[in-house]
Amino acid sequence: VYVYDVQHILLDNLQFMMGLQQGAFRTKFDAQDHALDLFRKFSTRHNVHITLVVHPRKEMDKSALGISSVFGTAKATQEADNVIILQRPEAMEKNAKFQPSDEIEYRVIDVKKNRCSQSMQTF
C-alpha cells in the first residue's frame, strides 16, 4: 500500500475469497465476521478505502434488494461506510425514476448507506 501509494482496494468477492474453509471458526458467518474485522483494521491502519463485493442472499425474483439482502451477518453492512446495491429496475418501486426497458437490460446503482454525506440516491 505504501510503496505504490494505493488509496482504494477492490475485493471481488467475499464469498469466493473465503471458499469453503471455516478453519477454527464454528460457522461460515463467524469466519466472515473475522474477515470483516481484519479488513476494517487494515483499512484504518493504512488509510485506504476498501470496496468489498458481497453477493446478496437468495431473494424472490424481481424483488427489491435492501441492506438486509446482503449475505451473511449484519456486520457486513454495519462496519461499512457505504452500501451500494446494483438493482434491476423492475425491482424498484412502481413510481421510481428508472423503469425497465425492452430495448436495453441495465442495472441501477442504489446507494443504501453513505456514512460520509448521509445522502441516499439512486443512479
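**Confidence.** pLDDT is the predictor's confidence in each residue, from 0 to 100. I need that term here, since what I have open is a predicted model. I looked up the average for the chain and got a pLDDT of 79, with 80% of the residues scoring at least 70. Then I went element by element: strand S1 (residues 8-12) has the highest mean, 89, and helix H1 (residues 14-18) has the lowest, 71. A reminder to myself: where pLDDT is low, the predicted coordinates should not be read in detail.

**Layout.** How many helices and strands does the chain have? I noted three helices and four strands. Along the sequence they follow the pattern β-α-α-β-α-β-β. The chain has 123 residues, and buried ones make up 24% of them. I also checked the contacts with a separation of 6 or more, and 51% of those are between residues 24 or more positions apart.

**Helix H2.** I took H2 next, which covers residues 28-46. It has 19 residues and reaches 27 Å from first C-alpha to last, close to the 27 Å expected at 1.5 Å a residue. Which residues of H2 are buried? My list reads Ala31, Gln32, Asp33, Ala35, Leu36 and Ser43.

Phe25 sits in the loop between H1 and H2. I put Phe25 down as partly exposed, because its relative accessible area is 31%, and the band for that label runs between 20% and 50%. Setting aside neighbours within four places in sequence, Phe25 is in contact with Asp30, Ala31 and His34. Of these, Ala31 is one I had already written down as buried in H2.

Most residues other than glycine have a negative phi. I wanted to see where this chain departs from that, and I wrote down two residues. Is Asn47 buried or exposed? Asn47 has a relative accessible area of 68%, so it is exposed. Asp5 has a phi near 50°, also positive, and its place is in the segment before S1. At 56% relative accessibility, Asp5 counts as exposed too.

**The core.** What makes up the largest nonpolar core? Five residues do: Leu14, Ala35, Leu36, Val70 and Ala76. I followed the contacts of Leu14, leaving out residues up to four places away in sequence. Leu14 touches Ala35 and Leu36, along with Gln32, Phe39, Leu52, Val53 and Val54. Ala35 and Leu36 are on my list of buried H2 residues as well.

**Ser69.** I found Ser69 in the loop between S2 and helix H3 (75-78). Why does it count as buried? Its relative accessible area is 4%, and the label needs under 20%. Not counting residues up to four places away in sequence, Ser69 touches Pro56, Arg57, Glu59 and Ala64.

**The largest pocket.** I looked up its volume, which is about 1,200 Å³. There are 40 lining residues, and the closest to the centre are Leu52, Val53, Val54, Ile84 and Ile85. Leu52, Val53 and Val54 were among the contacts of Leu14 as well. Which elements each supply at least two residues of the lining? I noted H2, S2, H3 and strand S3 (82-87). S3 gives the largest share, six residues.

**Strand S4.** My last stop was S4, residues 108-114. Ile109 is in this strand and is partly exposed, with a relative accessible area of 35%. I checked Ile109 against Ile84: they are 25 residues apart in sequence and 6.7 Å apart in space, C-alpha to C-alpha. Ile84 had already come up by the centre of the largest pocket. Is Lys113 buried or exposed? At 17% relative accessibility, Lys113 counts as buried. Lys113 and Gln78 are 35 residues apart in sequence, and their C-alpha atoms are 9.5 Å apart.

Technical notes:
Residues are numbered from 1 along each chain as its sequence is written. This is a predicted model: local features need pLDDT of at least 70, side-chain atom pairs count only at pLDDT 80 or more; totals for chains, interfaces and linings use all residues. Side-chain values use heavy atoms; hydrogens and water are left out. Buried means under 20% relative accessible area, exposed over 50%, partly exposed in between (1.4 Å probe, protein chains only). The expected span of a helix is 1.5 Å times one less than its number of residues. Contact means heavy atoms within 4.5 Å. A nonpolar core is a set of buried Ala, Val, Leu, Ile, Met, Phe, Trp, Tyr and Cys residues joined through side-chain atoms within 4.5 Å. On a 1 Å grid over the protein atoms alone, a cavity is a set of points where a 1.4 Å probe fits but cannot get out, and a pocket is an open set with protein on both sides within 12 Å along at least five of seven lines; lining residues have an atom within 4 Å of a point. Grid points are joined across faces, edges and corners, and a volume is the space filled by probe spheres set on the points.
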